[in-house]
There are 4 protein chains.
Amino acid sequence: MRYGLVGSTGRMGQEIQKAFADHTLCMTVDAEKTWSDGTQPEVIVDFSNRSSLTNTVNLCVENGSALVIGTTGLNEDDFSMLRELGKDVPVVQSYNFSVGVNILKMILASYSKLLEDWDSEIVEIHHNKKKDAPSGTAIMLQDALQKPAVMHSLRMGGIPGDHSVIFANEGEVLSFNHRAISRAVFAYGALEAAEFARTANPGFYTFEEVLRCKLKK
Amino acid sequence: MRYGLVGSTGRMGQEIQKAFADHTLCMTVDAEKTWSDGTQPEVIVDFSNRSSLTNTVNLCVENGSALVIGTTGLNEDDFSMLRELGKDVPVVQSYNFSVGVNILKMILASYSKLLEDWDSEIVEIHHNKKKDAPSGTAIMLQDALQKPAVMHSLRMGGIPGDHSVIFANEGEVLSFNHRAISRAVFAYGALEAAEFARTANPGFYTFEEVLRCKLKK
Amino acid sequence: MRYGLVGSTGRMGQEIQKAFADHTLCMTVDAEKTWSDGTQPEVIVDFSNRSSLTNTVNLCVENGSALVIGTTGLNEDDFSMLRELGKDVPVVQSYNFSVGVNILKMILASYSKLLEDWDSEIVEIHHNKKKDAPSGTAIMLQDALQKPAVMHSLRMGGIPGDHSVIFANEGEVLSFNHRAISRAVFAYGALEAAEFARTANPGFYTFEEVLRCKLKK
Amino acid sequence: MRYGLVGSTGRMGQEIQKAFADHTLCMTVDAEKTWSDGTQPEVIVDFSNRSSLTNTVNLCVENGSALVIGTTGLNEDDFSMLRELGKDVPVVQSYNFSVGVNILKMILASYSKLLEDWDSEIVEIHHNKKKDAPSGTAIMLQDALQKPAVMHSLRMGGIPGDHSVIFANEGEVLSFNHRAISRAVFAYGALEAAEFARTANPGFYTFEEVLRCKLKK
């Protein structure tokens, strides 16, 4: 597929280019400059930051490109803009494009009612260059719980991303933990989302929904 | 309720007497001696070892007592004997009477199909006096998986019971962990099972089924 | 030995009485009342809270009793008062009377210089009734590091006390973890401190120093 | 520096070339073929397997090259051969070229006497293509303990390398954990060892000794 990449020079941009090696990069958008080979991308992938969002959405509208968006820290207006775009092209959005975290989210959504009398807290650890806290993934996981959980954010070294959802009562501790071995896992999730978005009907999809579709086949 | 206790002098026996403090201990069975106050127990609780099993089953038959059995390391003949007893009295059996482990078992039974392409292994850590390995709980958790997982048993200090079910693929690690803060948790689970068994119809029940019934109310 | 106990009805008070079972409790001091059998304690043990401190110190002065103090959240004035008392009787003070945490503290004091270029943070988890945060133990461990570390406090269920000191750089993560299996461990440490204090010269000692003395024999 | 690389096509070979990007690769040795630009390497780096060892040692003798060797699973004869080579050229050997594991080894060597009454076991987790078990690093860490510890090896997914040395007694659990975020950390350690070996006197050195020298400056 022909794809466009917003934030091609950053860490995630580098990983995405490796994961998409069998596909054709036809557009890059970075703070410093935009490049295009003149063709229209079938899918635009954006894992940069909120400040790029409006420009990314405009490019999708102009080119009729589907969008795979992994940017974290979005607000209500951003989500409205993405849902609006979803009326025209397929949009796949998630704060975490790994299969494991999305399975964890499904599990918490199904089972946290059984654990609603237990105390629950979330600990997430990321590399020291990650600016937002708590992580988008921690927010995703918290949304799946019955009640808000205190979230603790550690920023250390080069850690790609650890999340731990902990439940405890007087006699027991249950914890659900996820570790991204490297950022590559998110890039491969983005590839899956792009392959889905390329042929999907217009709509606003979460990566969890893309995975559910895949699992039914 | 009037209850009987097999293995009253061991660690679990002590914890069970504390948890059942509001009830009347009317029979104890230990390697060295058996004691009874002459009345029939409504429920007999046995968390001892396989060597007591036949005697325990006979006592239930003689006294018309329900049975709560937490003994680990049972074999096929033992299960047949317990199912046979279940035709006459309620029998609640589990290798782990904590709510958390049973919830974990339900989760693994529901979700391990999604993780069947991942590698999976189980690590359990117990106190250095525990003779059986792998633990009954590890076997319970492995039974919930799609395919057998290698099990690692650590025997150290006074650890009541830690279990970790780990899944990994090329890019991620997911782990589901349970810790018993103290043995008391199993004694309180036994109490719940006894309260269920006391009024249930004859049958062979797992503690998981007892919990499912409770959760529906 | 004859010993006095401040906070005899609380969780730690109960554990201390179990650990000191071979000794004679001759005085108890609780919010509601004080009791004495008329004899002078050789050692007073206080694991209650700051509000008892002045009274405890006075009792030591009046009775010539040594003091083992595990109360957390002390301030500079409290430490001055304890050092002053140490001129007359032996005083053993620590925020953590377990051997493992004190060994961890020694290790961090010796080796954190080698890790000073790494990021470091501390996570501690305690039961949901613990009022102070961060824990006294986390503060003890942080003091052993080269530079202040961010401390994260989780309050959940019945967890006796977990501490994790984590270091990370671009390529690696090192973590030093301690778990108290139950509060009993602190009571046994208090017993060791009391046996030391009973025959020591007046002075202000930390439990770490008591352990170092013991290890040299 | 001009360097030679044994096992240039494998995972570690790839990481080493990235880490040594500022240096000149003048020789590669792989199962299929050997290549040289005709010059003599100042240092040869070998992270392949035992079967290459004799050939690597011969190349060092012929070229007067120092050797940095990270191959695991060496036996007594291999060590004799390396010490013999060390009479002529500098040889730096380790089963683990990360700073963190070597610091952990130093800590265990210094402090395990204080923990000799505790139970101890080691758990290591590596990717599913790693053939040897237990890992060389687990063996390194076990050597630093007072008495042999049971070692548990998990082989799962793409995990670069996790090691956990656990101590427990009746009341507490202490664990010392190391995680390699990626294999790159070993390649950077190999670079440090090569920079040392390039100018060192002939001798057989461990990477721990190289680090100790560096830390004294």
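The contact between chain D and chain A draws on 6 residues from chain D and 6 residues from chain A, with contact meaning heavy atoms within 4.5 Å. This is a predicted model, so local features need pLDDT of at least 70 and side-chain atom pairs count only at pLDDT 80 or more, while totals for chains, interfaces and linings use all residues. As for bookkeeping, residues are numbered from 1 along each chain as its sequence is written, chains are lettered from A and ligands numbered from 1 in the order in which they are written, and side-chain values use heavy atoms, with hydrogens and water left out.

Back to the D–A pair. About 530 Å² is buried between chain D and chain A, and carbon and sulfur atoms supply 51% of that; buried area here is the accessible area (1.4 Å probe) that two parts lose on being put together, summed over both. The rule picks up 2 salt bridges across this interface, a salt bridge being a side-chain nitrogen of Lys or Arg within 4 Å of a carboxyl oxygen of Asp or Glu. One of the salt bridges pairs A:Arg179 with D:Asp162, whose closest N and O atoms sit 2.6 Å apart. Sorted by class, the side of chain D that touches chain A comes out as 3 nonpolar, 1 polar and 2 charged residues. In that sorting, Ala, Val, Leu, Ile, Met, Phe, Trp, Tyr, Cys and Pro count as nonpolar, Asp, Glu, Lys and Arg as charged, and the others, Gly among them, as polar. There are also 2 residue pairs in polar contact across the interface of chain D and chain A, both residues at pLDDT 80 or more. A polar contact is a pair of N or O atoms within 3.5 Å; within protein, one must be able to donate a hydrogen and the other to accept it, and residues adjacent in sequence count only if both atoms are side-chain atoms.

Superposition is by least squares on the C-alpha atoms of residues with pLDDT of at least 70 in both copies.

Next comes the A–B pair. Here 29 residues of chain A are in contact with 29 residues of chain B. The two chains bury about 2400 Å² between them, with 66% of it on carbon and sulfur atoms. On the side of chain A that touches chain B, the elements giving two or more residues are α4 (99-111) and β10 (172-180) of chain A; helices (H or I, at least four residues) and strands (E, at least two) are DSSP runs, numbered from the N terminus. That side of chain A divides into 17 nonpolar, 9 polar and 3 charged residues.

Chain A can be laid on chain B by a turn of 180° and a shift of 0.0 Å along the axis, giving an RMSD of 0.0 Å. The two copies are therefore related as by a two-fold rotation axis. Of the residues of chain A, A:Phe176 comes closest to that axis, at 2.4 Å for its C-alpha. Again, 100% of the interface residues of chain A are interface residues in chain B too, so the copies meet through the same surface.

Over all chains, the structure holds 44 salt bridges. A:Arg50 and A:Asp78 form a salt bridge through their side chains (2.6 Å, N to O). Since A:Arg50 lies in the loop between β4 (43-46) and α2 (53-63) of chain A and A:Asp78 in helix α3 (residues 76-85) of chain A, the pair ties together parts that are 28 residues apart in sequence.

In chain D, D:Ser153 belongs to strand β8 (residues 150-155). Its side chain makes a polar contact with the side chain of D:Glu124 at 2.7 Å. Leaving aside residues up to four places away in sequence, D:Ser153 touches B:Glu121, B:His152, D:Glu124, D:Ala133 and D:Pro134.
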